[in-house]
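Here's a quick briefing to read alongside the structure. Two topics come up: a contact between chains, and one residue.

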Amino acid sequence: MRRGIAATALVAAMALAATACGGDDGGSGDKKSGGHLSGTVTYWDTSNDAEKGTYKELALGFEKKHPDVKVNYVNVPFGDALAKFKNAAGSGGSGAPDVLRTEVAWTQDLANIGYLAPLDGTPALADQSDYLPKALAGAKFKGKTYAVPQVIDTLGLFYNKKMLKDAGVQPPKDWTELKAAAKKIKEKTGKTGLYLRGDDAYWYLPFIYGEGGDLLDTGAKKVTIDDEPGIKAFAAARDLVTSKAAETDATDGWDNMQNAIKNGDVAMTINGPWAIEDTLAGKAFKDKSNLGVVPVPAGSKGRGAPQGGQNLTVYAGSKNLDASYAFAQYMSSAEVQAKTTEKLSLLPTRTSVYSNKTVAANPNVKFFKAAVDKAVERPWIPEGNSLFQAILVQFPGVLAGKTSPEKAANAVGDAYRKLLKGDWK
Amino acid sequence: MAVDTSRPLDPAAGARGARGRGGRVRKAGTPPPRRIRNALARHWYAWAMVAPVVLVIGLIIGYPLVRGVYLSLTDANEANVERTIGINHIPATYQTVGLDNFRAILEDQVFWDRLGWTVTWTVSCVALTFAIGLGLAVLLNRRFAGRTLYRSLLILPWAVPAFVSVFAWRLLYNEKNGILNKVLHGGGIDAVPWLNDPTMAKVSVIAVNIWLGVPFMLVALLGGLQSIPGELYEAAEMDGASPRQRFRHITLPGLRSVSSTVILLSTIWTFNMFPVIFLLTRGGPGDSTEILVTYAYRLSFVNSPRDFAGASAWGVLILLILMLFAVIYRRSLRKQGEVW
């Protein structure tokens with residue numbers, strides 16, 4: 001009898017311990033009656049050093065609306081985030097976040113592998129019609145929507161107004177004008193005209209769009225980078241560097257570019273809205289109005305800059321889907337978008353936010369909104385992000401004048417045909 | 001001597017006797033299970049001691065190795081292996097493709113280009129690291145004031161985690177803001193594109209790897225030097241041998257057992273030295289400093305969906321190359337009379 005009591009007590013204790021463990025993982029977050037949310041939402045933010053303070057504050061603001069939800073804000077460096085997320089999500093999901101800030105080109109990739117929860121019909125996409133159609137297009141894959149657009153962006157030409165004025169030149173409208181302006185800047189101020197990033201393939205895109213080409217023709221399933229425009233694009237970029245109108249690096253390009261423009265060592269850079277806050281922190285822009293932004297210079301066929309941006313995606317393995325949907329919805333809400341525009345000059349993805357007074361008055365937003373409307377949509381395919389790798393292998397050699405534009409374009413074309421499975425030509 | 005003469009007479013008995021302690025020769029005809037059971041009964045404690053190690057090694061080395069070889073014969077990638085992610089279940093849809101992956105790699109010029117640079121990188125790193133390590137070891141083997149201090153200072157690169165050193169070097173190498181170019185500028189020399197020019201980048205990564213590798217060589221060779229009896233040097237000096245002759249005929253042969261081992265280890269490590277290249281240049285500019293392992297990483301983990309089969313095939317090829325090297329190296333050592 002005694003033994004029986006002991007055994008019962010033991011079983012009861014174990015059961016208690018088990019339920020205690022099961023209930024205390026903080027992520028179960030059941031949706032109780034009335035849509036009450038609880039639990040923890042882990043959010044991986046990929047914003048840069050100049051932006052992350054604002055984003056952290058905004059993310060934690062979600063806790064005020066839902067007092068029972070704990071937001072676990074983690075800043076992951078943009079360059080590592082995709083690999084880190086894949087490692088965590090693929091190995092059973094331990095350590096993967098509930099919500100990830102996703103570069104637009106990662107969205108289809110992650111959706112294709114099955115890591116993302118479709119958002120159609122969830123609270124996350126409650127007011128779909130408010131989003132810019134272009135931003136929403138980048139969130140779709142095979143007919144489903146896998147992301148909520150958070151910010152949209154494109155490239156523009158940043159310039160130091162004072163330096164251009166000292167050299168007596170106008171902001172250049174095409175690459176030829178830029179070359180001439182750089183020459184004058186060198187003569188008058190001794191500084192370099194343009195810093196062109198050589199270690200990131202994204203900066204190659206304005207050149208190929210300017211020549212009227214593209215990396216791929218997704219409709220015809222054809223690789224087009226090794227056609228005439230692609231070759232001309234490599235040649236145009238190379239000409240800028242070899243003629244000393246631009247300087248470049250094969251490593252640490254971002255840091256060197258930002259140092260150069262912030263210290264007034266170069267007059268112009270090509271960059272996006274995400275760099276505005278960081279650039280303005282430099283000593284050359286103590287007077288904030290010294291920074292000018294114009295569209296990227298045109299090539300021989302016209303002007304073109306890539307459409308980029310950031311989405312919010314929900315991990316399919318999240319233990320707390322309801323709170324995650326709500327969090328994604330909150331982080332792309334009109335209220336949060338208005339704040340990121342006010343503090344960081346980032347572009348909203350909601351049409352309604354553009355009528356907000358402070359947003360409408362921001363000159364950078366005014367400029368970039370017009371630029372985004374004209375921006376070239378990138379191929380929204382799972383391999384979209386991998387397309388940069390092959391360009392990156394060739395780009396430094398071309399810029400250094402060691403690889404011919406034809407050879408580089410052909411090498412990239414061959415690499416694409418190897419990368420893209422199926423009936424690509 | 002006695003052993004040498006007895007061996008040819010009855011090799012089998014000798015071998016069996018050593019293991020089975022006599023009497024075992026007669027039981028040679030009994031079925032193997034009995035023998036195993038006997039061995040287990042006799043040496044159970046030894047097996048018990050070894051078992052955890054065998055288990056752990058099997059789990060953390062054996063299983064991934066076998067799995068890797070298997071994957072290299074399939075077309076598995078990130079999108080078609082089986083996994084369950086919350087609400088999504090993805091079934092396995094990959095299939096065996098035989099040696100297709102290997103054929104594709106060997107037909108690709110990329111592989112041969114990278115192999116050429118990997119061999120150059122390995123040979124120059126190991127040769128220079130060994131030469132510098134040996135020179136420093138000989139220097140530090142003498143008695144002089146502050147010897148302990150120098151020894152500890154030279155070990156320093158080893159004490160710092162490799163990635164920290166590599167990041168520090170990356171800052172030094174920065175063409176526009178790095179200390180190296182600032183120093184050169186002070187001396188009136190133009191900035192050197194340390195990591196931006198293919199040739200300079202190759203020199204730079206080799207230099208960093210040597211810097212990281214010398215302490216290991218130094219310690220190992222210093223140990224070897226101290227095991228050479230001083231009488232040999234005294235005798236040679238009496239016979240009128242010059243310092244160079246003493247180095248060539250006493251130091252080098254005396255170090256052989258140590259140096260052959262460290263060269264083998266160092267070669268294998270350098271061949272697969274992922275962190276130095278990846279963190280310093282990411283294989284760039286372009287792909288000029290890309291060695292086999294970093295290229296395999298790039299091909300298989302940067303592109304999407306991740307190509308598990310291709311990565312495994314690269315890994316198997318790298319393993320085969322290193323095994324081939326180890327076999328050839330051992331043969332050549334054995335020819336020189338080294339039993340290892």
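How much area do chain B and chain A bury between them? About 2500 Å², with 44% of it on carbon and sulfur atoms (buried area is the accessible area, 1.4 Å probe, that two parts lose on being put together, summed over both). Keep in mind that this is a predicted model, where local features need pLDDT of at least 70, side-chain atom pairs count only at pLDDT 80 or more, and totals for chains, interfaces and linings use all residues. Residues are numbered from 1 along each chain as written, chains are lettered from A in the order written, and side-chain values use heavy atoms, without hydrogens and water.

**Where chain B meets chain A**
- Chain A puts 34 residues into the contact and chain B puts in 29 (contact means heavy atoms within 4.5 Å).
- There are 4 salt bridges between the two chains (a side-chain nitrogen of Lys or Arg within 4 Å of a carboxyl oxygen of Asp or Glu).
- B:Asp108 pairs with A:Lys418 in a salt bridge, with the closest N and O atoms 2.9 Å apart.
- By class, the side of chain B that touches chain A has 10 nonpolar, 9 polar and 10 charged residues (Ala, Val, Leu, Ile, Met, Phe, Trp, Tyr, Cys and Pro count as nonpolar, Asp, Glu, Lys and Arg as charged, and the others, Gly among them, as polar).

**A:Gln310**
- A:Gln310 is buried, at 10% relative accessible area (buried means under 20%, 1.4 Å probe, protein chains only).
- A polar atom of the A:Gln310 side chain lies 3.5 Å from the backbone nitrogen of A:Glu103.
- Leaving aside neighbours within four places in sequence, A:Gln310 is in contact with residues including A:Phe78, A:Arg101 and A:Pro149.

Methods:
Buried means under 20% relative accessible area, exposed over 50%, partly exposed in between (1.4 Å probe, protein chains only). A polar contact is a pair of N or O atoms within 3.5 Å; within protein, one must be able to donate a hydrogen and the other to accept it, and residues adjacent in sequence count only if both atoms are side-chain atoms.
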